[in-house]
Amino acid sequence: MNARVTSILGTKYPLIQGGMAWVADAYLASAVSNGGGLGLIAAGSMNGELLRKEIQLARTLTDKPFGVNIMLMNPCTPELAQVVIEEKVAVVTTGAGSPGKYVEGWKAAGIKVIPVIASTGLARRMESLGVDAVVAEGCEAGGHIGEITTMALIPQVVDCISIPVIAAGGIADGRGIAAVSMLGASGIQVGTRFLTSTECTIHVNYKNLVIKSRDIDSRVTGRSGGHPVRCIKNALVMDLLALEKKGATFEEMETIMVGSLRKAVKNGDMKEGSFMAGQIAGLVSEIQPAQVIIEEMFAEYEEIIKNGGSI
Ligand code: TUI
């Protein structure tokens with residue numbers, strides 16, 4: 001890992017916390033930023049007013065830079081795009097689409113722009129718009145995903161653009177950092193491991209489910225409708241998969257999905273909640289402060305590098 005990413009982010013470590021909708025609030029973002037990474041407030045569940053309040057709260061909790069993730073399927077995106085400019089947010093990441101029309105305005109406001117992409121095509125388009133870096137996210141990740149694994153995606157994205165590539169999907173320890181650095185990544189984004197951070201405000205049932213889940217416990221729903229989402233399997237997920245097999249429409253599936261992420265995060269509803277998490281959840285086994293997670297991951301990575309690649 002090199003200094004290209006830390007100089008863009010203004011951080012000690014080349015690490016971004018995933019922009020997890022409903023999950024990543026000012027408390028998680030400030031804890032990650034205070035721990036030496038770049039914390040993100042996820043605006044996926046917010047309107048402009050809520051996002052502004054959350055940014056202002058984060059400023060009382062950290063004097064380090066933090067960012068905002070804008071999930072482009074959120075209908076409030078135009079007002080959110082304006083709020084990050086007015087609030088002079090340091091970094092904006094985007095997900096679940098192309099941020100094309102917003103990039104110029106953000107760059108003119110001095111914001112570092114880092115879209116999350118899941119294919120080489122979008123990576124190239126983003127570079128041509130003048131973004132600062134991309135997060136290339138493999139389909140091991142939780143939530144809304146693309147089609148390609150981290151292992152296959154990272155080297156292909158690295159070869160097709162010149163801006164830094166930050167790897168995401170399946171990274172939760174120092175071995176993951178070492179692996180993606182060998183593939184050419186200049187930084188990492190971590191979501192699932194921060195779900196079980198002390199400062200993460202999700203329901204305790206969600207944290208326990210992540211800790212308990214094994215390698216094979218996640219499922220992807222919504223592939224047929226073109227919106228694949230990875231969650232830890234439960235009654236909701238199995239119902240959705242059965243409906244999908246029967247050829248249910250996107251609208252039918254959507255009716256069941258609506259509000260399910262909030263039910264997981266806020267109520268810990270084990271039956272009707274959608275517990276988004278990556279395949280690496282099987283490796284996550286304890287609740288730790290965000291700073292400890294970050295330091296442990298990079299210490300492990302340094303040790304691997306020192307030993308010439310082995311642990
Ligand atoms: O955005 C994510 N992950 C997310 S967003 C989210 S919120 C949600 N809630 C309920 C249902 C569905 C989503 C949960 N997880 N990751 C970044 C990401 N972006 N992964 C894949 C993509 C992506 C996919 C296709 C980006 C662009 C794209 O195509 C755009 C184009 O125009 O080519």
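Guide: In this predicted model, a residue counts as buried when its relative accessible area is under 20%, and as exposed when that area is over 50%.

Visitor: Is threonine 192 buried or exposed?

Guide: Threonine 192 has its place in helix 9, residues 192–195. Because the limit for burial is under 20% and the relative accessible area of threonine 192 is 10%, this residue is buried.

Visitor: From which residue does the backbone nitrogen lie 2.9 Å from a polar atom of the side chain of threonine 192?

Guide: Leaving aside neighbours within four places in sequence, threonine 192 is in contact with several residues, among them Val210, Ala277, Gly278 and Val284. The backbone nitrogen that lies 2.9 Å from a polar atom of the threonine 192 side chain belongs to glycine 278.

Visitor: How far apart are the end C-alpha atoms of helix 3, and what span should its residues have?

Guide: Helix 3 runs over residues 48–61 and has 14 residues. At 1.5 Å a residue these should span 20 Å, which agrees with the distance between the end C-alpha atoms, 20 Å.

Visitor: Why are the buried residues of helix 3 said to be on the same side?

Guide: The buried residues in helix 3 are Gly48, Leu51, Glu54, Ile55 and Ala58. They are on the same side of helix 3 because they cover an arc around the axis of only 125°.

Visitor: Which residue caps the N-terminal end of helix 3?

Guide: A side-chain oxygen lies 3.2 Å from the backbone nitrogen of glutamate 49, and the residue that provides this oxygen and caps the N-terminal end of helix 3 is asparagine 47.

Methods. Residues are numbered from 1 along each chain as its sequence is written. This is a predicted model: local features need pLDDT of at least 70, side-chain atom pairs count only at pLDDT 80 or more; totals for chains, interfaces and linings use all residues. Side-chain values use heavy atoms; hydrogens and water are left out. Helices (H or I, at least four residues) and strands (E, at least two) are DSSP runs, numbered from the N terminus. Buried means under 20% relative accessible area, exposed over 50%, partly exposed in between (1.4 Å probe, protein chains only). A polar contact is a pair of N or O atoms within 3.5 Å; within protein, one must be able to donate a hydrogen and the other to accept it, and residues adjacent in sequence count only if both atoms are side-chain atoms. Contact means heavy atoms within 4.5 Å. The expected span of a helix is 1.5 Å times one less than its number of residues. The arc is that of the directions from the helix axis to the C-beta atoms.
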